[in-house]
Amino acid sequence: MLAGYGASSPRPGFWAALNPAQRTALRDAARPRQYPVKAPLVYQGDESDHVIVIERGWAKVTSSTADGHDVVLAVRGPGDLIAESAVLGGRPRAATVTALSPIRALVVPAARFTGFLDEHPDVWMLVTGTFVQRMDDSDRRLTAHVASRGPQRLAALLTHLAELSAHHAPPAPDGSIEIGPPLSQEELGSWMDASRETVARALNGLRRQGLIRTGWRKITVVDLPGLREFAKEED
C-alpha cells in the first residue's frame, strides 16, 4: 500500500475553486503583499487577525517541538489558503509558515474574510473541505511513518510533491516533473521523520534506478509511475 503524504489526487487550490465573482470580492477585501525567501508569513502562537491566499510561490509549514526543533508538516503553494482555521476558530496560530521562494499573496483581515464568507455562504464548504483534507493528510503522514521504510517514505513524499507540482506547471515534453517547492534534504528529512543522511542515501538509490534527477534544492521526477510503484514496495 502506498504510504501517503497528501490526497491521492491533489485537488484544485482554494483560489481555483472560487468563481470569478467570488475572486473579485475577495481581492477587493484584501491587500497585496510580497514575501522574500525565508520570510515568515505567519508565526506559530501569534494571534489570528488575517488569512493569506498565495498567488505565486511556495511556502513550508512548520511546528516547533518542546525541545526547540522545527518539524516540517506540509507545503503550501499557488492558490492555497493559509491560517483560516486559526482565524475561524479564534485561537493562536498552530504553525509557522515560511517562504521557500519569493511569494506574492493576498492578505485578508479576519473581519473582512468572515464578512466575505457571510456574503458567499457556499465558500464555507470550500473552507471546511480544505480543513478536512489537511486533517486527512496529517493522518496519512502518521501512517506513512509507521508503515514504511525510509526509501519508501521518501518515494511516497516525492510522488505527492510531483503530483502537486504538476497541478501548477505542466510536465516537460519527456514527461518529467520538476518538483516546485525547493526543499533541502534536511527539510525533506524533517517532513518524513528521517535524518539528512537517510534522505541522501535514499535519493542516491532513486537516482540509480532512473526515477529522479537532482540538483541543489531541485528534484525532477523522471518516472512518476515507477516512483509510485517503488513507494508501494514492502520489506
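**Close-up 1. Arg27 and its salt-bridge partner in the predicted model.** Arg27 is partly exposed, with a relative accessible area of 40%. The model shown in this and the other views is a predicted one. The side chain of Arg27 meets that of Glu55 in a salt bridge, with 2.9 Å from N to O. This pair links distant parts of the chain, since Arg27 belongs to helix α2 and Glu55 to strand β3, 28 residues apart. Glu55 also counts as partly exposed, at 21% relative accessibility; the buried class ends under 20%.

**Close-up 2. The salt bridge between Arg93 and Asp49.** A salt bridge joins the side chains of Arg93 and Asp49, at 3.7 Å from N to O. Arg93 is in the loop between α3 (84–89) and β7 (96–99), and Asp49 is in the loop between β2 (40–42) and β3, so the contact ties together parts 44 residues apart in sequence. Arg93 has 5% relative accessibility and therefore counts as buried. A search of the whole structure gives eight salt bridges, including this one between Arg93 and Asp49.

Close-up 3. Glu229 and Lys232 form a salt bridge in which the closest N and O atoms are 3.3 Å apart. Both residues lie in helix α9 (residues 224–232), three residues apart, so about one helical turn separates them. Glu229 is partly exposed, with a relative accessible area of 46%. Lys232 counts as partly exposed too, at 34% relative accessibility.

Close-up 4. Strand β3 (residues 50–56) and strand β8 (residues 103–109) run antiparallel and are joined by six bridges. Arg56 has Arg104 in β8 as its bridge partner.

Close-up 5. The structure holds one aromatic pair. Its members are Phe113 and Phe116, whose rings are stacked, with 6.4 Å centre to centre and 25° between the planes. The pair counts as stacked because its angle of 25° falls under the limit of 30 degrees. Phe113 and Phe116 are three residues apart in helix α4 (residues 110–119), which means that about one helical turn separates them. Both phenylalanines, Phe113 and Phe116, are buried.

**Close-up 6. A charge over a ring at Trp216 and Arg217.** The charged end of Arg217 sits over the ring of Trp216. The distance from this charged end of Arg217 to the centre of the Trp216 ring is 5.6 Å.

Note on methods
Residues numbered from 1 in each chain as written. Predicted model: local features only at pLDDT ≥ 70, side-chain atom pairs only at ≥ 80, totals over all residues. Heavy atoms only, no water. Phe/Tyr/Trp six-rings, centres within 6.5 Å; stacked < 30°, edge-to-face > 60°. Helix = DSSP H or I, 4+ residues; strand = E, 2+ residues; numbered from the N terminus. Buried < 20%, exposed > 50% of the residue type's maximum accessible area, 1.4 Å probe, protein only. Lys NZ or Arg CZ within 6 Å of the ring centre and 35° of its normal. Pairing = 2+ DSSP bridges. Salt bridge = Lys/Arg side-chain N within 4 Å of Asp/Glu carboxyl O.
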